[in-house]
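Biologist: Can you put the model up? I'd like to go through it piece by piece.

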Amino acid sequence: MLEIRDLCTCYGKVQALWDVSLQVNEGEIVALVGSNGAGKTTLLNTISGLLRPVSGQITFLGKMIRGLPPHAIVELGISQVPEGGRVFPEMTVRENLEMGAYPYRVWRDKEATLKQVYQLFPLLKEREKQLARTLSGGERQMLAIGRCLMSRPRLCMFDEPSYGLAPLVVAEIFRIIRHLRDQGITVLLVEQNVRRALEIADRAYVLENGRICLEGACTELLENDHVRRAYLGL
Ligand SMILES: Nc1ncnc2c1ncn2[C@@H]1O[C@H](COP(=O)(O)OP(=O)(O)OP(=O)(O)O)[C@@H](O)[C@H]1O
Ligand SMILES: [Mg+2]
């Protein structure tokens, strides 16, 4: 579904991604793990068109998407849940959700999609008139996921959805990610919580200093010595 080949991204003179190649097949949950500053967000932002790579290829459903503007990429079916559950603080919950429905292909059906999102997150329905800045961290993350779903993505990219949240909320978020996959949405999941990510995903890539250093089935990576020592504290 998504194929990335030899991708390099720079911030000015500083190179953050080095020849990154990665593949996501339809129906999979693929985890991208790595420590702070490894380049995980940079990779997601490059896929979604927020950053322009200096070289390499990105193909989505057979179409080259490198260089397309972010709105065109959302239109094709890739949506991102940004780091820290970033939402529009001065808009209500409902307005935030509607912002997700701007692609042409989904705008007409936005009421039906909204109903589905409220079914998945009844709490958002209860708070639909509340300003997003007054939500708790967990609620904000749910809102960011709901807004992403409003664009009816085929590929959903999550940037550390569990970061800073209480264990119960984290469990709920991982349950939702699994549910979305069961509904046919493909998932690229960035996580620092390596154990949880490897438990939920099918395959994973390990990013270190802007380079993919390991990849494989999660069952294999959970047994890998480097992963166990560097990321699982074993
Ligand atoms: N806007 C920017 N300008 C310059 N350098 C940046 C910028 N954003 C990120 N970087 C650098 O690029 C590298 C990768 O950063 P990135 O945010 O992608 O890491 P990350 O893996 O998402 O880390 P974290 O787990 O802390 O979110 C880091 O060295 C970072 O300092
Ligand atoms: Mg990041």
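Biologist: What kind of model is it, and what are the ground rules?

Modeller: It is a predicted model, in which local features need pLDDT of at least 70, side-chain atom pairs count only at pLDDT 80 or more, and totals for chains, interfaces and linings use all residues. Residues are numbered from 1 along each chain as its sequence is written, and chains are lettered from A and ligands numbered from 1 in the order in which they are written.

Biologist: Which strands form the four-strand sheet, and in what order?

Modeller: The order is β2-β1-β4-β5, in an open sheet with antiparallel pairing. Strands (E, at least two residues) and helices (H or I, at least four) are DSSP runs numbered from the N terminus, and two strands pair if DSSP finds at least two bridges between them.

Biologist: Why do β2 and β5 each have one side without a neighbour?

Modeller: β2 (14-24) and β5 (63-64) stand at the edges with a single partner strand each, so one side of each has no neighbour in the sheet.

Biologist: How many bridges join β1 and β2?

Modeller: Seven, in the antiparallel sense. Glu 3 has Gln 23 in β2 as its bridge partner. The hairpin of these two strands has two residues between them, and Gly 12 there takes a positive phi near 60°.

Biologist: And the β4 to β5 pairing?

Modeller: β4 (residues 55-60) pairs with β5 over two antiparallel bridges. The partner of Thr 59 is Met 64 in β5.

Biologist: Switching to ligand 1. Which residues are closest?

Modeller: Tyr 11, Asn 36, Lys 40, Thr 41 and Thr 42, out of 13 residues that surround ligand 1. The cut-off is a C-beta atom, placed from the backbone, within 6 Å of the molecule.

Biologist: Which element gives the largest share?

Modeller: α1, with three residues. Both β2 and α1 supply at least two. By class, the shell has four nonpolar, seven polar and two charged residues. Ala, Val, Leu, Ile, Met, Phe, Trp, Tyr, Cys and Pro count as nonpolar, Asp, Glu, Lys and Arg as charged, and the others, Gly among them, as polar.

Biologist: What about the six-strand sheet?

Modeller: That one is open and mixed, in the order β6-β7-β8-β3-β9-β10. β6 (78-81) and β10 (211-217) are at the edges. Neighbouring strands are turned by 15° against each other on average, direction ignored. β7 (residues 155-159) and β8 (residues 186-191) run parallel over five bridges, and Met 157 stands opposite Leu 188 in β8.

Biologist: Which helices go with it?

Modeller: α7 (residues 137-149) touches β6 and β7, at about 170° to β6. α8 lies across β3 (29-33), β7 and β8, at about 155° to β8.

Biologist: Last topic: where are the domains?

Modeller: Domain 1 is 2-77 + 153-230 and domain 2 is 90-152, with bounds from an automatic or database domain assignment. Their centres, taken over C-alpha atoms, are 23 Å apart, and 11 residues of domain 1 contact 11 residues of domain 2.

Biologist: Which elements of domain 1 give two or more residues to that side?

Modeller: α2 (70-76) and α8 (167-182). The largest share, three residues, comes from α8. The residues on this side of domain 1 are nine nonpolar, one polar and one charged.

How values were computed
Contact = placed C-beta atoms within 7 Å. Axes fitted to C-alpha atoms, helices over the stretch in contact; angles between N-to-C directions.
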